[in-house]
Amino acid sequence: MESSVFPVSSRDIPVFARGFYLTRSADQVVVPETYENQPLGDTWSYFHDFLTSPSVARDGAAFLVIHGNFESLQTFARDQVAEVALAKFRKNQQDFYEFLDDLVGRWAMFVSLDGENLEVFHDAFGSRVVYYDELTGDLSSHVDFIARNRGYVDLGNGTYYQAVSANFDQTKSEHIYALIPNHRLSINGEAVETRRYWPRYENPYTSLSHEQKIEKLMTYWGSVVQQYTRDYDSLVFSLSGGEDSRANLAMASDYLDQFELFTYATHRTDGESYWYKSIRKDYEIVQQIVGMVPANHRFMFREESTLEAEPQLSQVVDINTTGQHGKWLLPLYRQEFPGMRHLHMRGTLFEIGKALYHDLKDQGELEDMKRLFDLHSRKSQQDQALKDAFFAEKVARLELEPKHYRSYLPSDIFYWEMRQGRWFSETLNESDLAFDSFIPINCRRIVMLLLSFTLSERRASFIFDELINRTYPVLNFIGKNNLKNLYEQVRDSGRVGFYTVPSRVVMHYSSNGAQYREAVLPDAESTFGIPRGKFTEGNYVTARYVATAPMPRAVVRWQSPYQKAAGRGVFEYRVYKNGILMLTQDGAETAEVTEFGIGDLRPGDNVQLEIRVLKSQQSNSWPAASRVEMFDVVSL
């Protein structure tokens, strides 16, 4: 049944589109008429929207439900995934977690072995958001779905910050929390609690060679696109002038005949805001792309949106999502792709492969996350002491101490779980009134691969450029968020030089009086430091460059994240030219780029940068401090 707690819901403009509501007290909740009830045993009622066809596995009292779109990197047909997942959950927890790591898409999973106690999981980025009521154990895809049923009030800005990224699992309503990526929710009787279940071990891909990483990434990503084009109809794809959609286009290039592509644009040429300038630039760049790529593409123009004439649509959007993300697009989407049965392939989450929140002062400590929290909560009028207490409470509640991260950086975890896991999921709740969405990299296995690349590679967007180069290389020639093509950018940069690549990075250390040498990174890596467990006096790491062409006025450059007066005398950097010591610099002297001229180089000449330990240290922060983020030799 339906009451005045919701706007009128219809199959044309459904309230809480593609959503769900799980409860143990079905007689006390109201759901839109567009929802169906599917009892799960004697305890739980699972209400879902008519647009969603859940996958359900049952075995006696046990059940497992997958709500949303999904595919698996493991070799299981889509209609077998729920049954396989339930069997793994029953048999071996670690096998079940590995199975989740390979599950891609936008989904939420509800599983119980006794029909009463419930465990809840969702996709890697939490794009199928799950909200829960700490008092009743009710679950929903929309925070207002619970709040309106239970009569909860908004907290206001006293404890809820304007930037959702700063709220961790907090929502605008009392007693309602969001399930954060990489966490599971357990409902056992009256107890409702979350626990972190990832990461469970060090990143398994950091030890792979560059080539092996790229090959695995291409295999996994290609498998995702192949499976989605096989199992889903009516696929659409948003194309912009940036790199993320360019990589998506390249990786889906073998299946473009199964996609309808679109770009939103403007007829205006006089708009001076950043937004108008940006979409005008997109319009010009996309015209170049579709001129050389055979695709079914169309432009949608801002001025043709009819949102102002559709008050019911606007009203429903306002309760479907916790913020405004561009709802003017909905009438355009719904006009071009009617019926709400389309599936939209997006590239919005690709930033995780670019280390956007990392800076050179990131030491892998909790302070790095606190700095990001302060940045996102800066508009709050709340006293700093209260903000600090809020941060400390959330760190403990969500197990955010760096000891839980293994080899992953706090800046990556914060961006993944708080920024992408909170803000982005709400943009999808908005666009659900037009189509469902999936992101090809929304899979923990793929994210681990992306995070295994060096910071210098990620910050330079190397990964996506390389994928484009291997699948549709001409797409790298057109400028990315730049009207100039690649040649024009190089030509106009005013800089010409010869760059070398590292031929070898070697760790030198002693053990029981014996001397050892071992490669610590594969060829072509430019990020390196003293490994953990090896920060012992006398140990050192060397990276060597060999000139392959004449290099007049050669300059060696490097950058380290560490600068601290109290840290002097612990380690140092040394520069050698053909084995001759040219420069010594304390490791704590500067976090800025160091440039040192070493004269002319001839083919075969070599330059080495050495990181040498002067005093043994036990803390794991010292290996991070010694890390060199950038090292190259250039002829100016």
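**Figure 1. The cavity found in a search of the whole predicted model.** The search finds 1 cavity of 30 Å³ or more; a cavity is a set of points on a 1 Å grid over the protein atoms alone where a 1.4 Å probe fits but cannot get out. About 30 Å³ of space lies in the largest cavity, volume being the space filled by probe spheres set on the points, which are joined across faces, edges and corners. Its lining, meaning residues with an atom within 4 Å of a point, includes Y131, H142, D144, N320, E426 and N429. Helix 3 (143–150), helix 7 (311–320) and helix 11 (410–431) each give two or more residues to this lining; helices are DSSP runs (H or I, at least four residues) numbered from the N terminus. By class, the lining has 3 nonpolar, 6 polar and 2 charged residues (Ala, Val, Leu, Ile, Met, Phe, Trp, Tyr, Cys and Pro are nonpolar; Asp, Glu, Lys and Arg charged; the others, Gly among them, polar).

**Figure 2. R246 in helix 5 (residues 243–251).** R246 is buried and has no salt bridge. Buried means under 20% relative accessible area (1.4 Å probe, protein chains only), and a salt bridge is a side-chain nitrogen of Lys or Arg within 4 Å of a carboxyl oxygen of Asp or Glu. The side chain of R246 reaches the backbone oxygen of G479 at 2.8 Å.

**Figure 3. S223 in helix 4 (residues 210–231).** With a relative accessible area of 23%, S223 is partly exposed (between 20% and 50%). Its C-alpha atom is separated by 9.9 Å from that of Q74, 149 residues apart along the chain.

Residues are numbered from 1 along each chain as its sequence is written, and side-chain values use heavy atoms, without hydrogens and water. Local features need pLDDT of at least 70 and side-chain atom pairs 80 or more, while totals for chains, interfaces and linings use all residues.

Key: 1 Å grid on protein atoms, 1.4 Å probe; cavity = no way out; pocket = protein on both sides within 12 Å on 5 of 7 lines; lining within 4 Å. Lys, Arg positive; Asp, Glu negative; His and termini not counted. Polar contact = N/O pair within 3.5 Å; in protein donor to acceptor, adjacent residues only side chain to side chain.
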